[in-house]
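Let's take a walk through this model together, with the viewer open beside the text.

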Amino acid sequence: MVSIRPSGSDGVVLTVRPFMTFGRLDAGRFFMLRGDEESSPAIPRPFSLYRQGDSGNLEFLIKVIGPGTEALAQSRVGEEIVMIGPLGRGWPELTQDGKPLIMLAGGIGSAPFYIALQQALAGTDQRPAVDPGQLHLIYGGRNKGLLYDIEKFEELGIAVTPCTDDGSFGFHGNVVQALEDHWRQSRFPSEVRLWTCGPEPMMRAVVKVAEDRDLQCWFSLETYMGCGVGICNGCAVLTCKEGSLGSWPVAKCCVDGPVFAARDVQLT
Ligand SMILES: Cc1cc2nc3c(=O)[nH]c(=O)nc-3n(C[C@H](O)[C@H](O)[C@H](O)COP(=O)(O)OP(=O)(O)OC[C@H]3O[C@@H](n4cnc5c(N)ncnc54)[C@H](O)[C@@H]3O)c2cc1C
Ligand code: FES
(Lines give C-alpha, C1' and ligand atoms only; values in the text may rest on other atoms or scores of the structure.)
(Ligands and ions follow the chains in the order given, each with its own letter.)
Protein backbone atom coordinates (compact mmCIF):
# COMPACT_ATOMS: atom_id res chain seq x y z
CA MET A 1 0.00 0.00 0.00
CA VAL A 2 1.40 3.36 -1.07
CA SER A 3 -0.88 5.86 0.64
CA ILE A 4 -4.16 6.29 2.40
CA ARG A 5 -6.21 9.44 2.85
CA PRO A 6 -9.61 10.16 4.36
CA SER A 7 -12.60 10.87 2.11
CA GLY A 8 -16.02 12.05 3.26
CA SER A 9 -17.17 11.38 6.80
CA ASP A 10 -16.49 7.61 6.87
CA GLY A 11 -14.37 6.76 3.84
CA VAL A 12 -10.75 6.37 2.76
CA VAL A 13 -8.92 6.29 -0.55
CA LEU A 14 -6.33 3.51 -0.66
CA THR A 15 -3.55 3.77 -3.24
CA VAL A 16 -1.83 0.48 -3.94
CA ARG A 17 1.05 -0.52 -6.20
CA PRO A 18 0.38 -4.01 -7.64
CA PHE A 19 3.30 -6.41 -8.08
CA MET A 20 2.47 -6.60 -11.79
CA THR A 21 1.72 -3.78 -14.19
CA PHE A 22 -1.69 -3.59 -15.79
CA GLY A 23 -2.56 -1.95 -19.08
CA ARG A 24 -5.65 0.23 -19.29
CA LEU A 25 -8.28 -1.41 -17.05
CA ASP A 26 -11.92 -1.21 -18.07
CA ALA A 27 -13.95 1.15 -15.91
CA GLY A 28 -16.49 -0.63 -13.73
CA ARG A 29 -14.40 -3.75 -13.08
CA PHE A 30 -13.50 -4.68 -9.50
CA PHE A 31 -10.89 -6.29 -7.28
CA MET A 32 -11.25 -8.47 -4.18
CA LEU A 33 -9.19 -6.88 -1.39
CA ARG A 34 -8.13 -8.08 2.03
CA GLY A 35 -6.12 -6.13 4.60
CA ASP A 36 -4.05 -7.23 7.54
CA GLU A 37 -4.19 -11.01 8.11
CA GLU A 38 -4.96 -10.80 11.84
CA SER A 39 -7.79 -8.27 11.80
CA SER A 40 -9.38 -9.01 8.38
CA PRO A 41 -12.13 -11.54 7.78
CA ALA A 42 -10.85 -14.59 5.84
CA ILE A 43 -12.80 -13.72 2.70
CA PRO A 44 -11.58 -10.74 0.67
CA ARG A 45 -14.20 -8.07 -0.10
CA PRO A 46 -15.09 -6.63 -3.55
CA PHE A 47 -14.25 -3.02 -4.47
CA SER A 48 -14.63 -1.15 -7.74
CA LEU A 49 -11.52 0.28 -9.27
CA TYR A 50 -11.75 4.01 -8.50
CA ARG A 51 -8.74 5.44 -10.37
CA GLN A 52 -5.76 4.13 -12.32
CA GLY A 53 -2.65 6.29 -12.09
CA ASP A 54 -0.05 6.78 -14.85
CA SER A 55 2.54 5.19 -12.55
CA GLY A 56 0.58 1.92 -12.43
CA ASN A 57 -0.87 2.63 -9.00
CA LEU A 58 -4.51 1.72 -8.42
CA GLU A 59 -6.90 3.59 -6.15
CA PHE A 60 -9.93 2.33 -4.26
CA LEU A 61 -12.55 4.49 -2.57
CA ILE A 62 -13.80 2.63 0.48
CA LYS A 63 -16.64 3.32 2.90
CA VAL A 64 -15.96 1.76 6.29
CA ILE A 65 -18.95 -0.35 7.34
CA GLY A 66 -17.63 -3.56 8.93
CA PRO A 67 -14.53 -5.64 9.70
CA GLY A 68 -13.25 -6.03 6.11
CA THR A 69 -13.41 -2.34 5.27
CA GLU A 70 -12.20 -1.38 8.77
CA ALA A 71 -9.07 -3.53 8.35
CA LEU A 72 -8.36 -1.98 4.94
CA ALA A 73 -8.81 1.52 6.38
CA GLN A 74 -6.31 0.66 9.14
CA SER A 75 -3.66 -0.48 6.60
CA ARG A 76 -0.31 1.19 6.95
CA VAL A 77 1.92 2.54 4.19
CA GLY A 78 4.32 -0.19 3.06
CA GLU A 79 2.05 -3.01 4.26
CA GLU A 80 1.02 -5.71 1.77
CA ILE A 81 -2.65 -6.28 1.08
CA VAL A 82 -4.25 -9.19 -0.79
CA MET A 83 -5.59 -8.04 -4.14
CA ILE A 84 -7.34 -10.32 -6.67
CA GLY A 85 -8.40 -8.93 -10.02
CA PRO A 86 -9.32 -7.23 -12.23
CA LEU A 87 -12.65 -9.09 -12.17
CA GLY A 88 -16.07 -8.87 -13.77
CA ARG A 89 -17.43 -6.87 -16.65
CA GLY A 90 -17.47 -3.08 -16.53
CA TRP A 91 -19.39 -0.27 -18.18
CA PRO A 92 -20.12 -0.49 -21.92
CA GLU A 93 -17.62 1.30 -24.16
CA LEU A 94 -18.61 4.94 -24.19
CA THR A 95 -19.09 6.32 -27.66
CA GLN A 96 -20.32 9.76 -28.60
CA ASP A 97 -23.71 9.12 -30.18
CA GLY A 98 -25.31 12.49 -29.57
CA LYS A 99 -27.13 11.35 -26.44
CA PRO A 100 -25.63 12.83 -23.24
CA LEU A 101 -24.60 10.32 -20.60
CA ILE A 102 -26.05 11.01 -17.17
CA MET A 103 -24.36 9.16 -14.33
CA LEU A 104 -26.43 8.89 -11.15
CA ALA A 105 -24.41 7.96 -8.08
CA GLY A 106 -25.55 7.46 -4.50
CA GLY A 107 -23.00 7.65 -1.67
CA ILE A 108 -20.10 5.25 -2.18
CA GLY A 109 -21.73 4.29 -5.51
CA SER A 110 -19.63 7.04 -7.09
CA ALA A 111 -16.54 4.78 -6.99
CA PRO A 112 -16.92 3.14 -10.44
CA PHE A 113 -17.68 6.46 -12.14
CA TYR A 114 -14.44 8.39 -11.68
CA ILE A 115 -12.36 6.11 -13.89
CA ALA A 116 -15.20 5.90 -16.43
CA LEU A 117 -15.22 9.70 -16.70
CA GLN A 118 -11.43 9.90 -16.84
CA GLN A 119 -11.31 7.38 -19.70
CA ALA A 120 -14.20 8.97 -21.61
CA LEU A 121 -12.51 12.38 -21.43
CA ALA A 122 -9.10 10.98 -22.45
CA GLY A 123 -10.27 8.82 -25.39
CA THR A 124 -8.06 6.11 -26.93
CA ASP A 125 -6.32 5.54 -30.28
CA GLN A 126 -9.49 3.80 -31.50
CA ARG A 127 -12.06 6.04 -29.89
CA PRO A 128 -12.11 9.86 -29.78
CA ALA A 129 -12.45 11.66 -26.46
CA VAL A 130 -16.01 12.39 -25.36
CA ASP A 131 -16.96 16.08 -25.23
CA PRO A 132 -17.19 17.07 -21.52
CA GLY A 133 -20.50 18.78 -22.33
CA GLN A 134 -21.97 15.31 -23.01
CA LEU A 135 -21.16 14.02 -19.53
CA HIS A 136 -23.06 14.84 -16.36
CA LEU A 137 -22.79 13.41 -12.85
CA ILE A 138 -25.71 13.68 -10.46
CA TYR A 139 -24.26 12.73 -7.10
CA GLY A 140 -26.50 12.25 -4.07
CA GLY A 141 -26.07 11.38 -0.42
CA ARG A 142 -27.91 11.76 2.84
CA ASN A 143 -25.61 14.68 3.71
CA LYS A 144 -22.49 16.41 2.40
CA GLY A 145 -20.15 14.05 4.29
CA LEU A 146 -21.44 11.16 2.18
CA LEU A 147 -20.50 12.81 -1.14
CA TYR A 148 -17.05 11.20 -1.23
CA ASP A 149 -14.35 13.12 -3.13
CA ILE A 150 -17.00 15.41 -4.65
CA GLU A 151 -14.33 18.04 -5.34
CA LYS A 152 -12.25 15.53 -7.36
CA PHE A 153 -15.26 14.85 -9.61
CA GLU A 154 -15.80 18.60 -10.04
CA GLU A 155 -12.12 19.02 -11.01
CA LEU A 156 -12.71 16.73 -14.04
CA GLY A 157 -14.39 19.67 -15.77
CA ILE A 158 -17.76 18.02 -16.34
CA ALA A 159 -21.10 19.22 -14.96
CA VAL A 160 -21.71 17.84 -11.48
CA THR A 161 -25.00 18.19 -9.62
CA PRO A 162 -24.47 17.42 -5.94
CA CYS A 163 -27.65 16.68 -4.02
CA THR A 164 -28.34 15.90 -0.40
CA ASP A 165 -31.41 14.56 1.39
CA ASP A 166 -30.94 17.06 4.24
CA GLY A 167 -30.20 20.03 1.96
CA SER A 168 -26.75 20.53 3.54
CA PHE A 169 -25.14 20.83 0.09
CA GLY A 170 -26.30 21.30 -3.48
CA PHE A 171 -29.79 20.36 -4.68
CA HIS A 172 -32.16 19.58 -1.79
CA GLY A 173 -33.53 16.15 -2.70
CA ASN A 174 -32.49 12.82 -4.19
CA VAL A 175 -30.80 12.06 -7.52
CA VAL A 176 -34.04 11.21 -9.32
CA GLN A 177 -35.63 14.47 -8.19
CA ALA A 178 -32.51 16.30 -9.41
CA LEU A 179 -32.73 14.49 -12.76
CA GLU A 180 -36.41 15.42 -13.16
CA ASP A 181 -35.55 19.00 -12.21
CA HIS A 182 -32.94 19.16 -15.00
CA TRP A 183 -35.55 17.98 -17.50
CA ARG A 184 -38.11 20.47 -16.17
CA GLN A 185 -35.57 23.30 -16.62
CA SER A 186 -34.76 21.97 -20.16
CA ARG A 187 -31.09 21.48 -19.24
CA PHE A 188 -31.14 17.93 -20.66
CA PRO A 189 -32.66 16.74 -23.92
CA SER A 190 -35.31 14.04 -23.54
CA GLU A 191 -32.99 11.41 -25.11
CA VAL A 192 -30.18 10.61 -22.66
CA ARG A 193 -28.34 7.48 -21.52
CA LEU A 194 -28.43 6.62 -17.81
CA TRP A 195 -25.75 4.82 -15.78
CA THR A 196 -26.33 4.33 -12.08
CA CYS A 197 -24.68 2.88 -8.98
CA GLY A 198 -25.76 3.21 -5.36
CA PRO A 199 -28.33 1.82 -2.93
CA GLU A 200 -30.81 -0.51 -4.64
CA PRO A 201 -33.94 1.61 -3.91
CA MET A 202 -32.21 4.50 -5.67
CA MET A 203 -31.24 2.34 -8.65
CA ARG A 204 -34.79 0.95 -8.86
CA ALA A 205 -36.10 4.51 -9.06
CA VAL A 206 -33.61 5.32 -11.84
CA VAL A 207 -34.59 2.16 -13.76
CA LYS A 208 -38.26 3.14 -13.43
CA VAL A 209 -37.50 6.55 -14.98
CA ALA A 210 -35.64 4.79 -17.81
CA GLU A 211 -38.58 2.43 -18.42
CA ASP A 212 -41.16 5.24 -18.34
CA ARG A 213 -39.14 7.31 -20.82
CA ASP A 214 -37.79 4.40 -22.88
CA LEU A 215 -34.14 5.28 -22.20
CA GLN A 216 -31.03 3.07 -22.26
CA CYS A 217 -30.00 2.32 -18.67
CA TRP A 218 -27.10 0.43 -17.09
CA PHE A 219 -26.34 -0.18 -13.43
CA SER A 220 -23.48 -1.51 -11.34
CA LEU A 221 -24.72 -3.95 -8.70
CA GLU A 222 -23.21 -4.50 -5.26
CA THR A 223 -24.23 -7.99 -4.14
CA TYR A 224 -22.57 -10.03 -1.42
CA MET A 225 -19.65 -11.97 -2.90
CA GLY A 226 -17.75 -15.02 -1.71
CA CYS A 227 -15.19 -15.92 -4.36
CA GLY A 228 -15.51 -13.13 -6.94
CA VAL A 229 -14.69 -15.55 -9.76
CA GLY A 230 -17.88 -17.50 -10.48
CA ILE A 231 -17.42 -20.57 -8.24
CA CYS A 232 -19.47 -20.11 -5.05
CA ASN A 233 -22.82 -18.87 -6.44
CA GLY A 234 -22.90 -16.31 -3.62
CA CYS A 235 -23.74 -13.43 -5.93
CA ALA A 236 -26.72 -14.78 -7.88
CA VAL A 237 -29.14 -12.25 -9.41
CA LEU A 238 -32.40 -13.01 -11.20
CA THR A 239 -32.34 -12.43 -14.93
CA CYS A 240 -35.13 -10.92 -17.03
CA LYS A 241 -36.58 -13.47 -19.43
CA GLU A 242 -36.63 -11.05 -22.33
CA GLY A 243 -33.05 -9.79 -21.76
CA SER A 244 -29.77 -11.03 -23.23
CA LEU A 245 -29.12 -13.27 -20.15
CA GLY A 246 -32.68 -14.64 -20.06
CA SER A 247 -31.83 -18.14 -21.26
CA TRP A 248 -30.93 -18.97 -17.62
CA PRO A 249 -32.96 -17.79 -14.57
CA VAL A 250 -29.94 -16.47 -12.63
CA ALA A 251 -26.73 -14.67 -13.50
CA LYS A 252 -23.60 -14.28 -11.39
CA CYS A 253 -22.88 -10.70 -10.47
CA CYS A 254 -19.12 -11.36 -10.26
CA VAL A 255 -18.64 -12.70 -13.79
CA ASP A 256 -21.74 -11.55 -15.74
CA GLY A 257 -21.61 -8.12 -13.98
CA PRO A 258 -21.28 -6.16 -11.80
CA VAL A 259 -22.42 -3.83 -14.60
CA PHE A 260 -25.66 -4.96 -16.26
CA ALA A 261 -28.05 -3.47 -18.77
CA ALA A 262 -31.23 -2.72 -16.83
CA ARG A 263 -33.24 -4.86 -19.22
CA ASP A 264 -31.11 -7.94 -18.40
CA VAL A 265 -31.43 -8.47 -14.62
CA GLN A 266 -33.97 -7.77 -11.89
CA LEU A 267 -33.26 -5.52 -8.94
CA THR A 268 -34.76 -7.12 -5.80
C1 LIG B 1 -18.74 -5.28 -7.40
C2 LIG B 1 -18.71 -4.53 -6.09
C3 LIG B 1 -18.03 -3.34 -6.00
C4 LIG B 1 -17.99 -2.65 -4.79
N5 LIG B 1 -17.30 -1.49 -4.75
C6 LIG B 1 -17.19 -0.83 -3.58
C7 LIG B 1 -16.39 0.35 -3.51
O8 LIG B 1 -15.80 0.80 -4.50
N9 LIG B 1 -16.29 0.95 -2.31
C10 LIG B 1 -16.92 0.46 -1.18
O11 LIG B 1 -16.77 1.05 -0.13
N12 LIG B 1 -17.68 -0.63 -1.23
C13 LIG B 1 -17.82 -1.30 -2.39
N14 LIG B 1 -18.55 -2.45 -2.45
C15 LIG B 1 -19.21 -2.93 -1.21
C16 LIG B 1 -18.16 -3.61 -0.33
O17 LIG B 1 -17.75 -4.80 -0.94
C18 LIG B 1 -18.76 -3.91 1.06
O19 LIG B 1 -19.00 -2.68 1.71
C20 LIG B 1 -17.81 -4.74 1.89
O21 LIG B 1 -17.80 -6.05 1.40
C22 LIG B 1 -18.22 -4.74 3.35
O23 LIG B 1 -17.32 -5.57 4.04
P24 LIG B 1 -17.14 -5.43 5.62
O25 LIG B 1 -16.44 -6.65 6.11
O26 LIG B 1 -16.52 -4.12 5.97
O27 LIG B 1 -18.61 -5.37 6.17
P28 LIG B 1 -19.61 -6.61 6.41
O29 LIG B 1 -19.45 -7.09 7.81
O30 LIG B 1 -19.47 -7.60 5.30
O31 LIG B 1 -20.96 -5.84 6.28
C32 LIG B 1 -21.33 -4.79 7.19
C33 LIG B 1 -22.82 -4.55 7.03
O34 LIG B 1 -23.12 -4.13 5.69
C35 LIG B 1 -23.99 -5.05 5.05
N36 LIG B 1 -23.50 -5.26 3.68
C37 LIG B 1 -22.26 -5.61 3.28
N38 LIG B 1 -22.19 -5.73 1.94
C39 LIG B 1 -23.42 -5.47 1.48
C40 LIG B 1 -24.02 -5.46 0.19
N41 LIG B 1 -23.32 -5.72 -0.92
N42 LIG B 1 -25.33 -5.15 0.11
C43 LIG B 1 -26.05 -4.87 1.19
N44 LIG B 1 -25.56 -4.86 2.45
C45 LIG B 1 -24.28 -5.15 2.58
C46 LIG B 1 -23.88 -6.33 5.88
O47 LIG B 1 -25.08 -7.09 5.83
C48 LIG B 1 -23.65 -5.82 7.26
O49 LIG B 1 -24.84 -5.45 7.88
C50 LIG B 1 -18.65 -3.16 -3.64
C51 LIG B 1 -19.36 -4.37 -3.72
C52 LIG B 1 -19.39 -5.05 -4.94
C53 LIG B 1 -20.12 -6.34 -5.06
S1 FES C 1 -18.98 -14.38 -5.81
FE2 FES C 1 -18.69 -16.53 -6.04
S3 FES C 1 -19.85 -16.97 -7.82
FE4 FES C 1 -19.93 -14.81 -7.69
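**Salt bridges and the domain interface**

In this predicted model, lysine 99 and glutamate 191 form a salt bridge through their side chains, with N and O 3.7 Å apart. Lysine 99 sits in the loop between S7 and S8, while glutamate 191 sits in the loop between helix H4 (175-184) and strand S12 (193-197), so the bridge ties together parts that are 92 residues apart in sequence. How covered are the two partners? Lysine 99 has a relative accessible area of 23%, so it is partly exposed. Glutamate 191, at 41%, is partly exposed too.

The loop between strand S7 (82-87) and strand S8 (101-106) also holds glutamate 93. Glutamate 93 makes a salt bridge with arginine 127, and here the closest N and O atoms are 2.6 Å apart. Arginine 127 belongs to the loop between H2 and strand S9 (135-141), 34 residues away from glutamate 93 in the chain. With a relative accessibility of 7%, arginine 127 falls under the 20% limit and therefore counts as buried.

Helix H2 itself, residues 111-122, is mostly covered, with 9 of its 12 residues buried. Among them are Phe113, Tyr114, Ile115 and Leu117. Just after H2 comes glycine 123, which takes a positive phi of about 70 degrees.

Now step back to the whole chain, which is divided into domain 1 (3-87) and domain 2 (101-220). Their C-alpha centres lie 23 Å apart. In the interface, 20 residues of domain 1 are in contact with 17 residues of domain 2. Together the two domains bury about 1,500 Å², and 54% of that is on carbon and sulfur atoms.

What polar links cross this interface? The rule finds 1 salt bridge, and the side chains of arginine 5 and aspartate 149 meet in a salt bridge at 2.8 Å, N to O. There are also 10 residue pairs in polar contact across the interface. On the domain 1 side, strands S1 (3-7), S2 (11-16), S5 (51-52) and S6 (58-63) each supply at least two of the touching residues. The largest share, 3 residues, comes from S6. By type, this side divides into 7 nonpolar, 7 polar and 6 charged residues.

Lysine 63 is partly exposed at 23% relative accessibility, and aspartate 10 is partly exposed at 24%.

Definitions and conventions. Residues are numbered from 1 along each chain as its sequence is written. Chains are lettered from A and ligands numbered from 1 in the order in which they are written. This is a predicted model: local features need pLDDT of at least 70, side-chain atom pairs count only at pLDDT 80 or more; totals for chains, interfaces and linings use all residues. Side-chain values use heavy atoms; hydrogens and water are left out. Domain bounds come from an automatic or database domain assignment. Contact means heavy atoms within 4.5 Å. Buried area is the accessible area (1.4 Å probe) that two parts lose on being put together, summed over both. A salt bridge is a side-chain nitrogen of Lys or Arg within 4 Å of a carboxyl oxygen of Asp or Glu. A polar contact is a pair of N or O atoms within 3.5 Å; within protein, one must be able to donate a hydrogen and the other to accept it, and residues adjacent in sequence count only if both atoms are side-chain atoms. Helices (H or I, at least four residues) and strands (E, at least two) are DSSP runs, numbered from the N terminus. Ala, Val, Leu, Ile, Met, Phe, Trp, Tyr, Cys and Pro count as nonpolar, Asp, Glu, Lys and Arg as charged, and the others, Gly among them, as polar. Buried means under 20% relative accessible area, exposed over 50%, partly exposed in between (1.4 Å probe, protein chains only).
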